[in-house]
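Welcome, and thanks for taking a look at this one. Please keep the sequence and the 3D view open while you read.

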Amino acid sequence: MGVPVIVDCDPGTDDVAALVLAHALAQRGDLDVAAVTTVAGNVDVEQATRNALDVVGLLGWDVPVARGAAKPLVADLVTAAEIHGTDGLLGVELPTSSRVADGRPAWQVMRDVAASSDQPIDVVATGPLTNVAVALATYPELGERLRRVVVMGGAFLAGNTTPAAEFNVYVYPEAAQRVFTSGVPFWLCPLDVTHEAYITADELGQARALGSPGAVLFADVIGRYLPLVARYSGGRGAALHDPLAVVYAADDSLCTSAECFVGVETRGSITRGMTVTDRYSDTKLERNGHLVETVDRAAFVARVLDLLAVG
Ligand code: BDR
Ligand code: CA
């Protein structure tokens with residue numbers, strides 16, 4: 001098998017879509033998913049965990065699901081019910097799975113998977129970075145055992161939660177800053193690229209027609225989310241934020257990226273949670289991460305549809 005990967009998520013409609021794709025990539029042998037961990041973000045952590053368990057149950061996916069942090073350590077939780085609904089699924093009903101969450105917290109699962117692997121592991125984070133930051137703080141040796149973190153988060157042109165900040169970073173900017181200054185290599189998929197990774201209504205129809213449980217679930221949740229978010233992608237479709245991060249973790253050939261400084265504003269009165277990058281200035285800030293900058297949308301959507309045929 002390849003590098004073990006943990007998907008750390010806050011499902012959430014597009015997180016559900018990302019889990020469907022992670023399962024298909026695992027089925028194909030393109031992503032060795034060792035665990036799914038949940039974090040409070042789009043919805044509270046109990047709902048996020050319920051949704052993750054029900055998704056893996058529906059897919060018949062034998063992967064552990066572990067509950068993570070219920071809130072940021074230093075701030076109140078901000079959720080995104082206006083985009084994902086209070087159930088995180090915009091009312092799409094899933095059969096209640098008999099699966100139960102792993103008894104360990106998310107950060108312990110990250111440590112255990114890393115410790116038992118013969119090679120450093122990957123984390124794909126599609127929610128606030130609370131669990132990853134707690135894991136790094138609790139287990140200082142873990143940093144050496146992480147090959148990379150692929151993060152859906154940040155915005156360089158404009159935020160979606162505030163004018164300056166993207167949701168995942170805005171919920172807990174200190175956690176994001178902790179991860180970005182940890183020395184662990186990271187790749188950031190910000191809104192600037194995920195808004196270009198959109199799927200149209202016609203393409204969603206093609207997804208639904210594939211007929212597999214995963215394809216139908218993907219089309220159901222993204223179909224309800226599309227009208228709420230189409231404006232962010234110029235009215236062209238629904239941005240597949242979290243799916244892009246998961247697919248990128250398996251195949252980076254669909255995107256271009258650049259190594260650069262990435263920092264997080266944690267104090268600004270109107271810029272809290274803003275991600276700041278040094279792409280063009282000559283200040284020579286130390287390059288601590290990688291910014292994913294462009295996506296071949298046609299190739300990405302073709303890959304998504306190909307994966308949805310798997311199930
Ligand atoms: C990110 O925020 C959440 O609402 C989505 O699931 C995605 O992870 C986009 O800003
Ligand atoms: Ca998410």
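What follows is a short briefing, grouped by topic.

This is a predicted model, in which local features need pLDDT of at least 70, side-chain atom pairs count only at pLDDT 80 or more, and totals for chains, interfaces and linings use all residues. Residues are numbered from 1 along each chain as its sequence is written, chains are lettered from A and ligands numbered from 1 in the order in which they are written, and side-chain values use heavy atoms, with hydrogens and water left out.

**The largest pocket**

- The largest pocket holds about 330 Å³ of space. On a 1 Å grid over the protein atoms alone, a pocket is an open set of points where a 1.4 Å probe fits, with protein on both sides within 12 Å along at least five of seven lines, and lining residues have an atom within 4 Å of a point. Grid points are joined across faces, edges and corners, and the volume is the space filled by probe spheres set on the points.
- Its lining is made of 24 residues, and Ala-80, Ile-83, His-84, Asn-160 and Phe-167 lie nearest the centre.
- Two or more lining residues come from each of helices H1 (13–28), H3 (81–84), H6 (167–171), H10 (213–229) and H11 (241–250). Helices (H or I, at least four residues) and strands (E, at least two) are DSSP runs, numbered from the N terminus.
- H3 gives the most to this lining, with 3 residues.

**Ala-125 and Thr-126**

- Ala-125 sits in strand S4 (residues 121–125), while Thr-126 is in the loop between S4 and helix H5 (130–138).
- Ala-125 counts as buried because its relative accessibility is 0%, and Thr-126 is buried with a relative accessible area of 1%. Here buried means under 20% relative accessible area, exposed over 50%, and partly exposed in between (1.4 Å probe, protein chains only).
- Leaving aside neighbours within four places in sequence, Ala-125 is in contact (heavy atoms within 4.5 Å) with Asp-8, Val-149, Val-150, Val-151 and Met-152.
- Not counting residues up to four places away in sequence, Thr-126 touches Asp-8, Cys-9, Asp-10, Asp-15, Met-152, Asn-168, Asp-242 and Ala-245.

**A buried aspartate**

- Asp-278 is found in strand S10 (residues 275–278).
- A salt bridge is a side-chain nitrogen of Lys or Arg within 4 Å of a carboxyl oxygen of Asp or Glu.
- A polar atom of the Asp-278 side chain lies 3.3 Å from the backbone nitrogen of Leu-285.
- Beyond residues up to four places away in sequence, Asp-278 touches Cys-260, Phe-261, Thr-283, Lys-284 and Leu-285.

**Salt bridges**

- Side chains of opposite charge can pair when their charged atoms come close. The whole structure has 15 salt bridges.
- One of them joins Glu-46 and Arg-67 (3.1 Å, N to O). This pair links distant parts of the chain, with Glu-46 in helix H2 (residues 45–59) and Arg-67 in strand S3 (residues 65–67), 21 residues apart.
- Glu-46 is partly exposed at 46% relative accessibility, and Arg-67 is partly exposed at 31%.
- Arg-208 and Asp-220 also meet in a salt bridge (2.8 Å, N to O). Arg-208 lies in helix H9 (residues 201–210) and Asp-220 in helix H10, so the pair ties together parts that are 12 residues apart in sequence.
- Asp-102, Arg-104, Arg-111 and Asp-112 are linked in a network of salt bridges.

**Backbone geometry**

- Most residues other than glycine have a negative phi, and most peptide bonds are trans.
- Leu-90 is not a glycine, yet has a positive phi of about 50°. Leu-90 is in the loop between H3 and helix H4 (106–116), and counts as buried at 18% relative accessibility.
- Pro-11 and Gly-12 are joined by a cis peptide bond, with omega about -10°. Gly-12 is in the loop between strand S1 (4–9) and H1.

Note on methods. Polar contact = N/O pair within 3.5 Å; in protein donor to acceptor, adjacent residues only side chain to side chain.
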